[in-house]
Amino acid sequence: MHLSALFFTVVSFLGSFCFAINPCIEGPPVNKSPSECCTTPALIDPPLMMKCFQKWGEQTKRQSKMDGIPRGCCVADCAMEGTKLISKGKFNREKARKVFMAVVKDQPQWQPIVNETLDECFKQADENMAEIEAGAKLKPSYKGEKICHPISGSILRCMNMKLFSKCPNDLFNSGPECDQLKLYLEKCPLN
């Protein structure tokens, strides 16, 4: 599997499992990978993302099936810590903007989209801060469970879902499956 397709698979995993309450948890009605429809910028270095997925993927899947306040996504938390965008639950918004904009420095079409989407995702996180903070204060419910801060999953999931939905028309591979996938992702909740 091509690295970008594998990366988008991991990011799609985040979208499906980093928040327990998700009516779209069963996944899209097509077998097409989002990366086959639109190659969005890889905001987190793909090898780092894969390392975090290998370390925390199983726990995240298990947590996604739990009732109650959504738990933090340790895959996303690991990735954000690995890029030094989060420390002790504090997300560095200025640094995130610099890091994410550096990713698209050679992609002028994506620059305004990433910048605008980052503002939208920060606003969304602010609106959901009570639930995010409640998730950060949860206690482990089984032996070996790590409680990760939900801010990482909230921001990263929002960014990836919105970037896909805002894919420029000339970069989007329109067709029945991709169009259906885009509609599916537009109706699925971002939080």
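Guide: Welcome! A residue here is called buried under 20% relative accessible area, exposed over 50%, and partly exposed in between (1.4 Å probe, protein chains only). The model is predicted, so local features need pLDDT of at least 70 and side-chain atom pairs pLDDT 80 or more, while totals for chains, interfaces and linings use all residues. Residues are numbered from 1 along each chain as its sequence is written, and side-chain values use heavy atoms, leaving out hydrogens and water.

Visitor: What makes lysine 105 and aspartate 106 a salt bridge?

Guide: The term asks for a side-chain nitrogen of Lys or Arg within 4 Å of a carboxyl oxygen of Asp or Glu. The closest N and O atoms of this pair are 3.7 Å apart, so the pair qualifies.

Visitor: How many salt bridges does that rule give?

Guide: Nine salt bridges. In one of them, glutamate 145 and arginine 71 bring N and O atoms to 2.5 Å. Glutamate 145 sits in the loop between helix H7 (129-136) and helix H8 (150-165), and arginine 71 in the loop between helix H3 (46-64) and helix H4 (74-82), so the pair ties together parts 74 residues apart in sequence. Helices are DSSP runs (H or I, at least four residues), numbered from the N terminus. Both glutamate 145 and arginine 71 are buried.

Visitor: Where do lysine 123 and glutamate 127 lie?

Guide: Both are in helix H6 (residues 111-127), four residues apart, about one turn of the helix. Elsewhere, salt bridges that share partners link Glu116, Glu120, Lys162 and Lys166 into one network.

Visitor: Why are H6 and H8 given the orientation they have?

Guide: Their axes, lines fitted to C-alpha atoms over the stretch in contact, are 9 Å apart, at an angle of about 140 degrees. Angles run from 0 to 180 degrees between N-to-C directions. Under 35 degrees counts as roughly parallel, over 145 as roughly antiparallel, 65 to 115 as roughly perpendicular and the rest as oblique, so H6 and H8 are oblique to each other.

Visitor: Which residues make the contact between H6 and H8?

Guide: Contact means heavy atoms within 4.5 Å. Among the residues involved are Ile113, Leu118 and Phe122 of H6, and Ile155, Met159 and Leu163 of H8.

Notes
Helix = DSSP H or I, 4+ residues; strand = E, 2+ residues; numbered from the N terminus.
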